[in-house]
Amino acid sequence: MKPNTNSKSVNLTVGGALRPPRIPIGRWLGVLPFFVFSGLFLIAPTLVLAYRSLEGPDGGLTIGNYLLLTSETVVSSYGMSIRISLTTAILGGLIGFLIAWVVSMGGLPPRFRLITTTFSGVASNFAGVPLASAYVFTLGRVGVITALFKLVGFDLYRTAGFSLYSFLGLTIVYLYFQIPLMVLTILPALDGLKHEWREAAENLGATPFQYWRDVAFPVLTPSILGTMILLFGNSFGAHATAYALTGGLFNLATLLIGQQISGDVLHNPGLGYAVAMGMVIIMALSIFIYSILQRRSERWLR
Amino acid sequence: MSASSSAKANQLSSRFIYVFVSLYFLIPLGATFYWSLRGAKDVLGFEAYRKLFADTNFLPAFSQSIVNAVATILLSLLIVVPTAYWVTLRLPKLRPVVEFITLLPFVIPAIVLVFGIIRLYSRPPLLLTSTYDSSRVLLICVYVALSFPYMFRAVDNGLRAIDVRTLTEAAQSLGANWGTILFKVIFPNLRVALLSGALLTFAIVIGELTIALYMAQHTLGPYMADLTRSKVYEPSAMAIVAFAITWAAMGIIDFVGRGATRSKTKVAID
């Protein structure tokens, strides 16, 4: 399909027509504010950080700041961010896939699907302070679940060494917005599995297991992997929930940047900019891989 | 093993999974709601909510966030609708560029973006953070840029659902100018799409913490974070209120969207 060939030629030939969209400036007028806003409030601020991250202590361009990313503080906070993001991406991906499968072909009444998608829309947007509070009241030191465990003589914090303000705690909290995001993104892919494939497989004598292993799963793999990578980025860039939960003092890449903004905790502004750009690079990579995998899955699932 | 017995086992295990995961999602809400009812000593009631609404900082923060959200939505609509319309009809070559830009808010984490914003706009020649109000305008502009992905996708889907080209040509041949086409033909046909984009933006902006916090704005996000540190019962009431607001926004999107698909299928069947 080749859209719009005629209007293009009209635009090229006419110089001073009355209708604004036909003169060159008018042609761009509709999209100009969009580019100005994106430029001023998304692109320029990032470019400033990119430029400063390449600036040495005495001026001049250097990659020294990026070499310092291997310092202990940076590595440990990046490491924690990556561990939490990987864990919640994989767990959130698996659980979210199961739920999507259950509501789309698990034999539940159809209204459960509607409830699930609406709730997923809410829960995936429920990150931040309210989510952190909700977990403090559930699994914090005086949380309801913690109290219930105490009633049966088990102290989550003292005996089991659990803490909401730890790797495990943050993982549990992050899953609250990771699972719904997986459900919302993977449901359309599951819907794309065609009935004919299953029938054809059954007619050829395939068991349900064989159908899943040899037909459905290979078709779904790019979508599942792609969405898990999306979940990785979603958790890697998350700041508000962790800030509200830990007061900004936990060892996490986003929180480290927050501390760097409030007062140069790294004692090196250039390194701070490099840490921020490192996040952008990791996020860009994951979004890039996600879009490649998404395009691949679109070949089958239309 | 017969097909029906395996289907039954299947159904049973799906129910089990569903109930189990539902518990994970409902328990924190239940626990928070329970705490929010314990504001008064020895008796369950709505004391925590009353205290929250009576807090002198609550209403100013809340209303400021609402005004910010509404301003963001209006500005974003004004920018995105013409953009989506233009790339659909007049400049399809620009579509990949626009789509790439709408990916940027996912690539640049909020904490990184606010870092760059502060560095860029806190000194001349682009000094925009000198007063509270100028910072607030800057904050709204940043929110507008962050809303582009949601708004563009909503409007773009809406444009795909109606035949913009035919509508535009029909209006043109009746002598309508571009303003008339946009405001009297395109906008009314996009009502559902615009409302979804607007409500999603509202849900995101209303409790936003990271950017508002580092720009020292007294909006709902920083207020809520403060509350969790200074009060015992009010944060639970606040969390329930925030959850209700998100529910309302998402519920309306679903409700309106379903109404739209229903009426569309009806037309298709006729």
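Visitor: What distance separates the centres of domain 1 and domain 2 of chain B?

Guide: Taken over C-alpha atoms, the centres of domain 1 of chain B and domain 2 of chain B are 33 Å from each other, and this distance, like everything else here, comes from a predicted model.

Visitor: Where do those domains run along chain B?

Guide: Domain 1 of chain B covers residues 3-36, and domain 2 of chain B covers residues 48-269.

Visitor: And how many residues of each are in contact?

Guide: Domain 1 of chain B puts five residues in contact with eight residues of domain 2 of chain B. On the side of domain 1 of chain B that touches domain 2 of chain B, three residues are nonpolar and two are polar, with no charged residue among them.

Visitor: OK, how confident is the predictor in chain B?

Guide: Chain B has a mean pLDDT of 89, with 93% of its residues at 70 or more. Residues 264-270 of chain B have a pLDDT below 50, and beyond near neighbours in sequence that stretch makes zero contacts in the model. Where pLDDT is low, the predicted coordinates should not be read in detail.

Visitor: What ipTM and pTM does the complex get?

Guide: The predictor assigns the complex an ipTM of 0.88 together with a pTM of 0.89.

Visitor: Switching to folds, how many helices and strands are in chain A?

Guide: Chain A contains 14 helices and zero strands, whereas chain B contains 12 helices and zero strands.

Visitor: Is chain A compact or spread out?

Guide: Chain A is more spread out than a compact globule, because its radius of gyration of 25 Å is well over the 19 Å that the globule rule gives for 302 residues. Along its principal axes the C-alpha trace of chain A spans about 85 × 75 × 35 Å, and 39% of the 302 residues of chain A count as buried.

Visitor: What share of the contacts in each chain comes from residues 24 or more positions apart?

Guide: In chain A, 73% of the contacts with a separation of 6 or more are between residues 24 or more positions apart, and for chain B the corresponding value is 73%.

Visitor: On to the interface, how many residues does each chain give to the contact?

Guide: Chain A gives 63 residues to the contact and chain B gives 73 residues. Among the elements of chain A that give two or more residues to this side are α3 (32-53), α5 (72-105), α6 (111-124) and α14 (269-298).

Visitor: Which of them gives the most?

Guide: On the side of chain A that touches chain B, α3(A) gives the most, with 12 residues. By class, that side of chain A holds 41 nonpolar, 19 polar and three charged residues.

Visitor: You listed α6(A), so what end-to-end span should it have?

Guide: At 1.5 Å a residue, the 14 residues of α6(A) should span 20 Å, and the end C-alpha atoms are 20 Å apart, so the two values agree. The buried residues of α6(A) are A:T116, A:S120, A:G121, A:V122, A:A123 and A:S124.

Visitor: What about B:L91, buried or exposed?

Guide: B:L91 counts as buried because it has 22 C-beta neighbours inside 10 Å, and the cut-off for buried is 20 or more. B:L91 lies in the loop between α3 (58-89) and α4 (95-107) of chain B.

Visitor: Which residues does B:L91 touch?

Guide: Leaving aside residues up to four places away in sequence, B:L91 touches A:V31 and B:W86.

Visitor: Where are they found?

Guide: B:D42 is in the loop between α1 (3-36) and α2 (47-54) of chain B, and B:D42 is exposed, with 5 other C-beta atoms within 10 Å. B:A216 is in the loop between α10 (210-214) and α11 (220-230) of chain B, and B:A216 is exposed, with 12 other C-beta atoms within 10 Å.

How values were computed. Residues are numbered from 1 along each chain as its sequence is written. Chains are lettered from A and ligands numbered from 1 in the order in which they are written. This is a predicted model: local features need pLDDT of at least 70, side-chain atom pairs count only at pLDDT 80 or more; totals for chains, interfaces and linings use all residues. Two residues are in contact if their C-beta atoms, placed from the backbone, lie within 7 Å. Helices (H or I, at least four residues) and strands (E, at least two) are DSSP runs, numbered from the N terminus. Ala, Val, Leu, Ile, Met, Phe, Trp, Tyr, Cys and Pro count as nonpolar, Asp, Glu, Lys and Arg as charged, and the others, Gly among them, as polar. The expected span of a helix is 1.5 Å times one less than its number of residues. Domain bounds come from an automatic or database domain assignment. The radius of gyration is taken over C-alpha atoms; the globule rule is 2.2 Å times the number of residues to the power 0.38. pLDDT is the predictor's confidence in each residue, from 0 to 100.
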